[in-house]
Amino acid sequence: MTRSTPIPKTVTLHVPFRVVKRGGRKEMQLPEGVKQPRCTDNTLVKALARAFRWKRMLESGEFMTMAELAEREGIAPSYMTRILRLTLLAPDIVETILDGAQGSEMTLAQVLDPFPVQWEMQFVMYCGGRTAK
């Protein structure tokens with residue numbers, strides 16, 4: 001455009017995407033073959049942050065029992081137990097989640113299901129056997 005070219009009042013932008021349902025909500029996805037930008041799952045990140053915070057509080061002696069901490073946090077002890085298990089995830093898997101590179105198939109509901117304590121087995125379960133990085 002040059003200075004003498006008038007600026008259009010309307011600009012039309014075409015962005016190819018499709019809408020899919022994921023976990024009860026609608027999500028926009030780019031077409032097949034287009035590399036999707038990394039997107040952190042805030043629910044997973046928040047759960048990880050809580051888990052490591054609670055673990056630190058218990059290990060420091062700030063709270064003597066999980067029941068005491070759960071009461072202070074206003075949550076059910078059974079929920080706290082499930083979230084605290086996330087501290088047993090392999091460090092590479094935790095880093096992958098924090099980087100937003102875990103893939104859309106890994107959800108909080110999935111990682112709250114029982115998982116193996118052995119890190120190698122976790123890679124098989126969550127990463128299809130490939131390493132996180």
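Predicted model: local features only at pLDDT ≥ 70, side-chain atom pairs only at ≥ 80, totals over all residues.
Because its relative accessibility is 59%, and exposed means over 50%, Met28 counts as exposed. Together with Leu13, Val15, Phe17 and Val19, Met28 makes a nonpolar surface patch of about 550 Å².

## The largest nonpolar core

In soluble globular proteins, nonpolar side chains tend to be buried together. The largest nonpolar core of this model has 27 residues, and the members that touch the most other members are Trp54, Leu86, Leu89, Ile93 and Tyr126. Two or more residues of this core come from each of the helices H1 (42-59), H2 (66-73), H3 (77-84), H4 (91-99), H5 (108-112) and H6 (119-127). Helix H1 gives the most, with six residues.

Which residues is Leu89 in contact with, once its neighbours within four places in sequence are left aside? The contacts of Leu89 are Leu48, Val94, Ile97, Phe115, Trp119, Gln122 and Tyr126, and of these Tyr126 is, like Leu89 itself, one of the core residues that touch the most other members.

The side chain of Thr87 has a polar atom that lies 2.7 Å from the backbone oxygen of Leu84. When residues up to four places away in sequence are not counted, Thr87 touches Ala51, Phe52 and Lys55.

Methods
Residues numbered from 1 in each chain as written. Heavy atoms only, no water. Core = buried A, V, L, I, M, F, W, Y, C linked by side-chain atoms within 4.5 Å. Buried < 20%, exposed > 50% of the residue type's maximum accessible area, 1.4 Å probe, protein only. Helix = DSSP H or I, 4+ residues; strand = E, 2+ residues; numbered from the N terminus. Contact = heavy atoms within 4.5 Å. Polar contact = N/O pair within 3.5 Å; in protein donor to acceptor, adjacent residues only side chain to side chain. Patch = residues over 30% accessible without salt bridge, like charges linked within 9 Å, V, L, I, M, F, W, Y side chains within 5 Å. Areas by Shrake-Rupley, 256 points an atom, 1.4 Å probe, with all protein chains shown as cover. Salt bridge = Lys/Arg side-chain N within 4 Å of Asp/Glu carboxyl O.
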